[in-house]
Structures are given as C-alpha cells and as structure tokens.
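Here is a short briefing to read alongside the structure.

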Amino acid sequence: MVRLSARLLALIPLAVGINLAMGKFASTLSLPVFLDTVGTVLVAALAGPGAAVLTGAVSQTVFTVVDGKLMWLAFMPIQLGVAVYAGLAARAGVFRSAWRAGAGGLGLGVLAATLSWPISLLLFGGVTASGVSLIATILTALHIPVAWAVYGASLATDLLDKTISFMLVFTILQSLPSRTVARFPLAARARGRA
Amino acid sequence: MIIGYVAGEGLLHRAHPFTSLTIAAGVTLLAFALPGTLSPWVLAGMLVVLAVAAGLTGAVVTTLVFSAPLWVFLGIIYGVFGTDWAVAAVYAGRISAILLAFLLALAAVHPGRLVDALVARRVSFAIAYLLAATLQAVPRLQHRAATILEAQRCRGLRTGGSPWRRIRSIVPLAIPLVQGALAEADDRAVALEVRGAVSGCARTPLSPPRDHLLDRVVRWGTVLVVLAAVVLRVVT
Amino acid sequence: MSVRFAGVSFRYPGADEDALRNVTLAFQPGEVTLLTGTSGAGCSTLLLTAAGLAPHVTGGTRTGEVDTLGVDPMTESGRQALAGRIGVLLATPWTQLSGMAYTVHDEVAFGPANLGWDREEIRAHVHESMKVAGVSHLAQRDPRTLSGGELQRVMFAGVMAMAPDLYLLDEPAAELDPAAAGDLYAMLSTLALDRAVVVASTDVDRLAEVVDRVVELEHGAVVADGPPAVVLGAAAAVERGTAPTVAVIAHRAGVPPDYPTSVAMAARRWSA
C-alpha cells in the first residue's frame with residue numbers, strides 16, 4: 001500500500017467536499033447537471049491519476065453514505081474511469097486551452113454514459129437519478145426500446161455535465177495564483193504555465 | 001425521515017459495526033441472486049421485522065419515501081409501456097430491500113466506531129482516515145458553498161437568465177470554493193504531519209468495538225446463505 | 001541544544017524572494033524565546049523550517065544546515081526520528097483539527113494514538129494535558145461545536161499530550177480572550193523546564209515579561225537577539241515598529257533609550 005503524503009490526506013477529503021458542494025451551485029442555478037466530479041478532475045490535474053482514483057473512490061463511497069442509497073456504490077467504475085481519463089487528459093495538456101477542455105469533456109461524457117448505462121439498466125432497470133429516469137420514461141413513451149432509452153438519457157446528461165465540468169476545471173486552474181500551483185508539481189504542466 | 005447515524009442502544013447498535021455492514025452487503029447480493037418475483041419482497045419484509053426489533057422504524061419510513069418515485073418510474077417503463085409488471089416488481093423489490101438494509105446499517109454504525117473497528121483490524125489508517133475525514137468535510141464545504149452563494153448574490157450575481165449566463169455564473173462560485181479548499185489543505189497537511197498521522201506507526205484504536213460470538217455467527221451465516229443462493233442460481 | 005540553524009535560507013515555491021536569509025542561531029532547552037518582527041518577517045517560516053515542515057509539506061528550497069533535536073528534519077530518516085517529538089501549534093485552531101474525532105477527548109488523543117502508544121498511556125497523557133489546558137470539562141463535547149478560544153486550548157492539549165521535546169508555537173493566543181491568553185503565557189515557563197519553547201508572535205506587550213530571550217526578524221534575516229529588555233527596549237525596535245506599547249510611549253515622551261518594556265518595569269524606574 002502506497003503511503004499517502006500528509007498533503008494528499010488533507011486534500012482528498014476537501015476535493016470530495018467540492019464534488020458534493022458543486023451540486024448545490026448547479027441546482028441553485030437551475031442547471032440540469034451534477035458537476036459531482038469537478039473535485040476529482042481537479043485532483044487529477046494537480047496530483048495525477050493515482051490520487052484522482054483515490055478521490056473518486058472515496059467520493060463515491062461517501063456520497064453513497066450521505067445520500068443513503070447503497071445503489072450508488074455500483075457506479076464506482078464511472079468515478080474511477082473519470083479519474084483515470086482526467087489524469088491522462090491533464091498530462092496530455094487538455095487543460096491548456098478552453099477548446100481542448102471542451103473537447104476532452106465531450107469525450108469523457110461519452111465514456112461516462114457508456115460505463116454507467118449497463119449498470120443502471122441491468123442492475124436497477126434503468127431508474128436511478130430522477131433526471132435520467134424522467135428522460136428515459138419519455139423516450140419509452142415514444143416507443144424507443146428501454147435499453148436505448150436509458151442510454152440516450154445517460155448520454156444527454158453526461159455530455160452536458162462532463163463538458164461543463166472540464167471547462168470549469170480549466171477556468172479554475174487558470175485562475176490559481178502561481179504560488180498555489182507551485183506546490184503541486186504536476187499542476188504547472190497541466191495548465192501550460194507555471 | 002432520517003439518513004445517517006441515529007443514536008440508540010438497540011440490537012444493531014450493540015452489534016459490531018462489521019455485522020450491520022455484512023448484513024447490508026449480504027442482502028444486496030441476495031436481492032440479485034434469489035430467483036422469483038417475490039423473493040426481494042420477502043427479504044424486504046424480513047428487514048422490516050429487523051428494523052422494528054432494533055428500534056429503527058425511521059429507516060423503514062425513509063425507504064418508503066425514497067422508493068416510491070422509483071416504483072412509479074418502473075411501473076410506467078416496464079408495466080405500462082412494456083406490459084411486464086413482473087419485471088417492474090422484481091426491480092422495485094430489489095431496490096427497496098437494498099435501500100432498507102443500507103439505511104439500517106447507516107443508522108446503527110457510528111463513523112467513529114467504524115474507524116476504530118477498521119484500525120483494530122489493521123486496515124490501512126489512510127483509508128479509515130479518508131472516509132472519516134471526508135464525512136466531516138462534506139457538511140463543512142456545503143456550508144461554505146452556501147456562504148459563497150450568499151456573498152456573491154450580495155455582489156450582484158444573478159441566478160436566473162439565459163442558460164449561457166447561468167453556466168458562466170458558476171465560475172465566481174466555484175473559484176472561491178476551490179481556492180479556500182486549497183488554502184485549508186495547506187494548513188491541514190501541516191497539522192496532520194505534526195500529529196503523526198503519516199508517521200508509519202500502527203495507530204492504537206481508542207475504543208475498539210467488542211466482537212461478540214453472536215456477531216461472528218451472524219456474519220458467517222450471512223456469507224454462507226449468500227454463497228448457497230449464488231450456487232443455486234448458477235446451477236439451476 | 002534543541003535547534004541549531006547555520007546559514008539557513010529558505011524560499012517558498014514560486015516566490016520572488018527568500019523568506020529566510022542566512023539565519024544563524026540556536027535555541028536551548030530551558031529557554032522560552034519570543035520570535036517577533038513585522039508581518040511577513042519570516043517568523044512562521046522559521047518555525048516551519050525548524051520542524052522540517054518547510055520544505056517537506058510546503059515545498060520550496062532550503063540551503064544551509066538545520067539540526068533539530070540531533071537530526072536534520074529535511075531528511076527522511078530525520079523526519080521519522082522526529083515523529084511526535086515536536087509540538088507545533090498554529091494560529092488558526094480549526095484547520096488543525098484531526099477531521100475525524102467526534103469528542104474532544106478523542107481529538108486530544110489523536111496524536112498519541114497515531115504514535116501507537118498503548119491505551120493506558122494515552123489515557124493518562126490526555127487526562128493530564130486537558131487538565132493543564134483547562135478543558136477537562138469539555139471532554140465529551142464535539143470539537144466542531146466549540147468556540148475559537150476553547151478550540152485553541154483543546155489543540156494545545158493535543159500538542160502537550162504527545163509529550164514533545166520541543167515546542168514551536170505560532171501566535172498561540174490569537175483566538176484567546178485576554179484572561180485565557182495570560183493563562184497560556186504563564187504556562188510557557190513550566191513547559192520550558194527541560195525543553196526549548198519558541199513562540200512566534202506580535203503580542204510583545206504581554207510576552208515581554210514572560211520570555212527569557214527575544215529574536216527579531218526583518219525580511220527573513222535576524223536583526224536582533226538578546227534579553228527582552230535589551231532587544232525590545234532599543235530605539236531600533238521602536239523604529240521598526242516591533243517594540244511594546246510602553247516603549248513607544250516612553251520614546252514619544254522623550255525619554256532616552258533603553259526604554260522600559262513593561263508597565264511593571266516603567267513603574268520601578270520612575271517611582272523610586
């Protein structure tokens with residue numbers, strides 16, 4: 001087991017807090033997104049995929065506990081997938097320009113929807129998050145087969161959610177003062193300037 | 001309606017934290033492994049009996065509140081449009097049983113006690129710490145998010161308007177939240193280092209929960225029942 | 001000798017200037033030292049460097065030699081040897097919370113438990129430290145419900161419970177009301193019986209009477225080092241803005257230096 005530094009032990013709980021607090025902003029602004037991976041993506045840019053995976057795992061676990069619904073735990077692979085993708089994307093310079101961040105977010109949206117769709121459908125019949133369930137219900141009313149209805153609903157929400165999340169992380173990274181960035185060795189490379 | 005730990009002295013509270021969690025995990029697996037439309041509902045029924053015996057009827061109420069909308073969606077998708085009410089019933093029963101088992105575990109297991117149990121079993125302190133510290137960090141950051149929202153509103157932030165404007169409004173909310181969190185992380189890292197949290201020594205559990213014989217019987221019993229159900233399901 | 005600095009300079013990551021410039025000094029056991037200067041002078045940085053937290057946790061580069069309790073805190077082996085032996089208290093109590101304790105007792109016990117002490121030893125130390133810090137009556141309270149002053153005293157108890165060999169305190173009374181601050185300062189000489197206690201603070205008015213030695217920093221360099229009456233009563237201290245209020249008043253009244261550094265001292269000088 002890798003020994004975690006004090007810095008990561010301090011950062012990860014706060015990053016998870018960011019994940020869960022962003023939802024409050026999104027709902028106040030009446031935006032149909034969760035933004036519940038912003039903290040994980042941020043850790044990916046600041047400290048790499050390994051730390052991000054840990055953030056995602058803790059985040060999904062704690063979210064499950066806080067929300068009281070054990071079924072969220074089944075969606076762990078998505079958080080881990082987001083973490084790995086974001087870590088690799090950060091390394092590849094996705095957060096150096098707004099366009100790249102947007103494109104990267106779209107790609108993640110497809111990945112996240114594709115990962116979550118089978119879990120939602122096979123384990124829970126396609127009903128999990130209310131927004132997704134609502135869209136899926138409407139699509140089935142239009143005589144679209146259930147499987148495609150659920151995928152369509154997941155895709156719609158995830159494309160929007162992940163693109164906004166990536167562009168938000170890009171904006172946040174650009175706004176950080178140099179001395180903050182200097183504390184995280186990977187951050188300067190991720191955002192393209194020290 | 002309550003989510004999370006509820007103080008009490010009942011059956012599940014006195015049990016070892018791992019026991020409640022094992023029951024929750026066992027019920028989850030059984031809900032998928034047991035054949036038949038009614039079996040998840042039988043499981044749910046048994047859990048209701050357990051909830052009443054353990055003094056945690058609030059968990060049953062919460063389960064009903066959470067499950068009802070999902071039953072409606074399932075009924076519409078699979079019953080009305082799919083005309084297969086049996087499938088809807090299975091999914092509905094499964095979700096409800098899993099929900100109730102988990103809510104019971106949450107209500108009976110105090111996070112501090114769980115951390116002590118994990119530390120006593122030599123689970124990596126980093127994992128136990130991350131879970132416990134995150135549980136405390138989440139409400140704190142929610143509160144801070146609310147404060148930032150109020151402060152920015154006073155400065156003229158509008159929460160209505162076109163979708164594009166609303167998306168842009170997230171930025172002056174997210175940046176203070178993140179910058180505050182990063183500054184806090186700096187201080188906390190110093191404190192953790194100084195208080196030996198990463199010293200590599202094996203941490204002493206402060207009040208490790210007692211693991212009674214009954215706890216072990218229930219946990220092993222659950223494991224055996226789940227295994228039997230899985231084998232039966234695979235074989236038939 | 002508890003801490004020794006030889007030609008130490010330190011620069012934070014991404015900074016344009018050194019936070020510490022060529023600092024050479026030593027802190028001895030049995031001595032309470034006040035580290036003071038104008039804001040940004042480098043007092044906090046000096047404490048962090050002595051503890052090895054700079055650069056290990058803060059990042060940055062350090063040159064020169066540091067010896068703390070016999071080891072260099074910048075090396076991995078040095079840090080392992082120092083685990084739990086340095087008691088550090090920062091100015092803001094709530095960021096020092098462990099983040100996982102639900103009672104004050106468990107919060108104070110966090111450090112000793114991390115060091116793997118056995119339960120009886122932990123209990124004894126926690127009990128004693130809470131008593132000395134005056135927080136025994138708060139033992140079963142949730143730390144998150146305490147006031148700033150109560151919390152700082154709890155954190156102090158947490159530091160004492162680890163029985164450290166060196167105390168590095170950064171504005172320890174910042175959150176405390178005057179009475180509690182006075183109590184804490186009065187405790188310092190007892191703590192220093194066989195250890196070095198270093199307090200970084202701008203509260204010179206009250207600390208001048210309590211400490212054995214004052215080290216003044218300006219822009220990261222040592223500009224004065226000696227007994228409180230000499231360092232804080234000098235004209236230079238008044239000019240730099242680091243002198244106690246009594247000294248400033250004496251200066252303005254036209255009295256020649258060295259100025260008195262406390263009301264008691266002024267009374268002795270002028271009531272004879």
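Ser30(A) has a relative accessibility of 48%, so this residue counts as partly exposed. Keep in mind that this is a predicted model. Ser30(A) lies in the loop between α1 (6–28) and α2 (38–47) of chain A, and its phi is positive, about 50°, although the residue is not a glycine.

**Backbone features**

- Leu35(A) also has a positive phi without being a glycine, with a value near 55°.
- You will find Leu35(A) in the loop between α1 and α2 of chain A.
- With a relative accessible area of 0%, Leu35(A) is buried.
- In chain C, Ala54(C) and Pro55(C) are joined by a cis peptide bond with omega at about 5°; Pro55(C) belongs to helix α2 (residues 53–56) of chain C.
- A cis peptide bond also links Pro257(C) to Asp258(C), with omega about 5°.
- Asp258(C) sits in the loop between α11 (245–252) and α12 (263–270) of chain C.

**Aromatic pairs**

- Over all chains, the count of aromatic pairs comes to 10.
- Phe95(A) and Phe166(A) have ring centres 5.1 Å apart and planes at 40°, so this pair is tilted.
- That pair links distant parts of the chain, 71 residues apart: Phe95(A) is in the loop between α4 (76–91) and α5 (98–124) of chain A, while Phe166(A) is in helix α7 (residues 146–175) of chain A.
- Phe95(A) and Phe166(A) are both buried.
- Phe125(B) and Tyr129(B) make a tilted aromatic pair, with 5.9 Å from centre to centre and 45° between the planes.
- About one helical turn separates Phe125(B) from Tyr129(B), because they are four residues apart in helix α7 (residues 125–154) of chain B.
- Phe125(B) and Tyr129(B) are buried as well.
- One aromatic cluster is formed by Phe63(A), Trp72(A) and Phe75(A).

**Charges over rings**

- Arg7(A) places its charged end over the ring of Phe184(A), 5.4 Å from the ring centre.
- In chain C, the charged end of Arg269(C) sits over the ring of Trp270(C), 5.9 Å from its centre.

**Helix packing in chain B**

- Helix α4 (residues 57–80) of chain B packs against helix α5 (residues 85–108) of chain B at an angle of about 160°, and their axes are 9 Å apart.
- α4(B) and α5(B) are therefore roughly antiparallel to each other, since angles over 145 degrees count that way.
- The crossing of α4(B) past α5(B) is right-handed.
- The residues in the contact of α4(B) with α5(B) comprise 18 nonpolar, six polar and no charged.

Technical notes
Residues numbered from 1 in each chain as written. Chains lettered and ligands numbered in written order. Predicted model: local features only at pLDDT ≥ 70, side-chain atom pairs only at ≥ 80, totals over all residues. Heavy atoms only, no water. Axes fitted to C-alpha atoms, helices over the stretch in contact; angles between N-to-C directions. Helix = DSSP H or I, 4+ residues; strand = E, 2+ residues; numbered from the N terminus. Parallel < 35°, antiparallel > 145°, perpendicular 65-115°, else oblique. Left-handed = near helix turned anticlockwise from the far one by under 90°. Nonpolar A, V, L, I, M, F, W, Y, C, P; charged D, E, K, R; others polar. Phe/Tyr/Trp six-rings, centres within 6.5 Å; stacked < 30°, edge-to-face > 60°. Buried < 20%, exposed > 50% of the residue type's maximum accessible area, 1.4 Å probe, protein only. Lys NZ or Arg CZ within 6 Å of the ring centre and 35° of its normal.
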